[in-house]
Amino acid sequence: MMRAVTVLSAMLTVVCQVKSSDLNAWSLRSTGPLVRVKRDWVIPPIRVSENSKQLPEDLVQIKSDKVFTGEVIYKLEGPGVDQDPKGLFEIDDKTGWIKSKMPLDREKHKSFKLKAFALSPSGERLESPTTIEIYVLDQNDHRPEFTQKEFTGTIPEFSVPGTSVMKVTAVDSDDPLTENAALSFSIIGQESIPPHSVNKTMFGIDNKTGVIYIRDVGLDRDVVQSFRLQLQVADMSGMGLASTGRAIIHISDINNHAPKFQPTVYNMNAMENKHLAEVGRVNATDKDQRGGENWRIKYTIGKGNTLGNFAIRTDPVSNHGIISVVKPLDYESQAEYQLVVTAENEVRLKAPYEQTHSATVTVRVTNENEAPIFYKNPIKVTVPESVGPGTVLVSDIAHDPDNGKLRFEMLLDPECWLAIDHVTGQITTRTTVDIKSPHVRKNVYSAVVKVTDQDADGISATATLEVSLWETNDYAPVLKPLSGTVCSNWDRDKLGLMISAVDEDMSPQADPFTFHIPDQNTAANWTIITLNETHAVLQPLIDIEKGEFSIPVVVSDSGSPPLSSSALVNVTVCPCDSFGDCKSFTAAIFGTKMGISFIALMIIMGSVAFLLFLLVLAVAVRGCTRQNMGKRGSLLVGASDDDIRDNVFHYDEQGGGEEDEDAFNIDFLRNPRDTVPVPASFFPQDCGLPRGKQPLRKDAPHNLPSPTYPRKTPGDPTDIEDFINVGLDAADTDPNVPPYDTALIYDYEGDGSVSGSLSSIASMGSDEDQDYDYLNDWGPRFKKLANMYDPR
């Protein structure tokens with residue numbers, strides 16, 4: 001067994017040569033005699049002070065019992081020898097002395113556990129390895145250090161003594177189980193910011209825990225904003241090594257000041273009819289920390305803002321109250337407002353003071369010239385389509401807030417159906433309306449009305465007029481066709497004439513139609529069978545081989561009230577061919593089984609010769625009539641040189657170019673009773689031109705003589721074409737008529753027409769004063785007109 005030699009710090013060496021074979025250990029057992037137990041060498045831990053300057057230093061010597069039997073070589077292994085940190089310890093392989101080669105640092109390595117071996121010269125282990133433990137003893141070789149270079153804390157103003165502010169901490173690398181790491185904290189200096197604002201000691205510190213607390217009263221942020229403290233920490237309970245630090249303590253603001261208005265009376269001006277982001281500002285001051293939550297002010301408007309015209313917001317930078325107009329003001333309604341504005345903090349005041357403060361704001365409204373205002377836009381009117389001219393559609397449509405003089409006009413009236421009173425604005429119908437007009441969309445006719453304030457530099461406003469037209473039953477249905485063929489040789493189910501009707505109204509004032517025969521005698525032989533809502537079949541009830549019949553038929557619509565019309569339907573009953581046409585007379589004769597006789601043939605030829613004679617006679621009579629036409633007076637040809645046929649105009653001229661844009665200037669009187677069918681783009685505000693005023697040409701000299709127009713019609717009516725052409729040529733070369741590239745006035749009829757208007761034809765004389773016989777000589781085209789005016 002190995003034995004150990006321990007070297008004490010007093011350099012006294014005690015060699016323990018206790019051999020296991022010579023040492024008898026006895027243990028007492030309760031049930032038997034003493035028994036001898038064999039034990040190994042026990043080497044106590046070795047304690048070595050750190051930072052030793054006696055190097056190398058002998059620590060312990062080990063010896064093996066095998067040294068007496070032969071040569072023994074000692075080896076040492078473990079941390080500090082052949083493991084990191086290497087080179088701290090070594091062993092003398094001859095003597096067994098273990099030595100420290102370098103100073104030890106307890107803060108790096110607190111202990112080492114090594115193993116010692118006894119080997120033969122051949123390297124054979126002579127004994128089991130022995131464990132050697134080395135403990136490094138601490139020395140006070142480290143100063144304590146604060147964990148932060150500067151500690152920062154905050155405490156509300158007016159906090160009571162004993163209130164904890166914050167805790168500071170420090171560390172010491174020495175052994176915490178020794179006095180070398182026993183720390184003690186202290187405050188060695190106090191500085192107030194602003195300097196010298198507070199001279200008494202306001203803070204203390206717990207020397208063991210490092211907690212900083214308030215020692216005295218008087219933390220007013222209005223006086224002092226922060227403190228700078230000098231701290232110290234020392235080990236060995238304050239008697240050892242020491243270091244210093246710093247702590248900054250800020251005094252936080254509490255809401256102990258209420259806002260105050262300076263001044264308390266304000267005067268402002270605001271323009272009417274406008275949204276204003278800023279009318280003016282009010283100023284309330286707060287002594288709390290600027291920019292903090294206790295400094296921010298909330299403004300409200302109390303009295304005087306009943307209708308909510310005003311609002312107020314806070315400027316986040318200056319803390320001013322900004323008054324704005326959120327609903328436009330009206331000078332005519334109220335010219336001045338008295339507002340009461342209050343100010344309070346967003347955070348409730350902690351001090352026992354008044355929470356709010358108020359100021360008075362007077363806002364004077366500035367008047368401006370306002371545009372007229374329509375009561376409604378769009379202006380909606382509902383009338384029947386049968387509304388007559390002169391009907392009042394709407395009145396009192398607009399007003400001027402400034403009570404100025406207004407002028408009304410139609411800015412857009414595509415069909416020129418409407419008239420407006422320029423003074424009152426009353427809108428009436430100028431003519432009858434047509435629901436089928438392309439400008440009527442979904443039964444709504446749209447126009448634009450303009451009103452201008454003549455006292456305010458022509459400020460105007462426009463509105464849309466929407467006239468809703470509802471369908472009325474204005475037209476009776478017209479029967480068609482008025483003649484047709486019924487095939488007598490067809491089957492009964494195909495026998496009859498298809499009839500229908502046309503109604504200019506639209507549903508529901510039109511179809512379904514009702515057909516009936518009003519004459520009872522005719523109804524006994526004919527009947528009408530309805531096919532659908534618009535068609536029926538006129539069918540005989542008796543067998544008829546052939547003949548011509550006039551059947552009275554009445555057709556009615558489904559309007560409210562229903563309208564009806566009657567007509568005679570000329571029906572030809574005859575045998576028909578495969579195409580539904582009546583067979584000819586010759587075909588009828590040759591189609592019989594009896595054939596044709598010589599007498600019948602002579603009758604036919606005689607009839608043809610008689611017809612030819614009548615034709616020649618008619619031509620001769622027509623020639624005589626032409627020679628005598630100039631000698632007869634008539635309704636259409638007057639005795640005056642200025643008869644109504646003198647003024648013939650060429651209506652198809654549409655302009656000769658676009659360079660002469662200013663050649664034609666139309667000056668009109670804006671008379672709503674005059675109507676001229678020109679496009680709305682030419683006359684957007686008026687639909688009429690004055691009658692009897694000839695437009696003036698600017699592309700020709702004024703007051704030049706006009707060419708001579710033909711004043712009398714030729715004696716022979718066949719020369720009427722030449723008469724018209726002469727008049728057209730004269731009009732084309734007349735310098736006093738409108739140019740080619742101007743708006744054409746289609747209803748201008750010249751000056752001094754003896755005929756007047758067409759409506760006055762009947763008033764020129766009674767039918768007994770007129771001779772209409774000459775109309776019969778004008779040919780078949782005028783025969784029907786002669787029948788209409790025949791006094792018989």
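The accessible surface of the protein comes to about 47100 Å², and carbon and sulfur atoms account for 53% of this area. The model is a predicted one. Of the 792 residues in the protein, 35% are buried. The secondary structure consists of five helices and 49 strands. Among contacts in the protein with a separation of 6 or more, 65% are between residues 24 or more positions apart.

One of the sheets is open and has four strands, in the order E41-E47-E46-E43, with mixed pairing. The edges of this sheet are formed by strand E41 (483-487) and strand E43 (514-516); each has a single partner strand, so one side of each is left without a neighbour in the sheet. On average, neighbouring strands of the sheet are turned by 35° against each other, direction ignored. In general, strands of a sheet pair through backbone hydrogen bonds, in either a parallel or an antiparallel way. For strand E46 (residues 547-556) and strand E47 (residues 564-574), the pairing is antiparallel and extends over ten bridges. Phe549 has Val571 in E47 as its bridge partner.

Leu614 lies in helix H3, which covers residues 598-627. The relative accessible area of Leu614 is 38%, and the residue is therefore classed as partly exposed, since this class lies between the limits of 20% for buried and 50% for exposed residues.

Definitions and conventions. Residues are numbered from 1 along each chain as its sequence is written. This is a predicted model: local features need pLDDT of at least 70, side-chain atom pairs count only at pLDDT 80 or more; totals for chains, interfaces and linings use all residues. Side-chain values use heavy atoms; hydrogens and water are left out. Helices (H or I, at least four residues) and strands (E, at least two) are DSSP runs, numbered from the N terminus. Buried means under 20% relative accessible area, exposed over 50%, partly exposed in between (1.4 Å probe, protein chains only). Two strands pair if DSSP finds at least two bridges between them. Axes are lines fitted to C-alpha atoms, for helices over the stretch in contact, and angles run from 0 to 180 degrees between N-to-C directions. Contact means heavy atoms within 4.5 Å. Accessible areas come from the Shrake-Rupley method with a 1.4 Å probe; for residues, only the protein chains shown count as cover.
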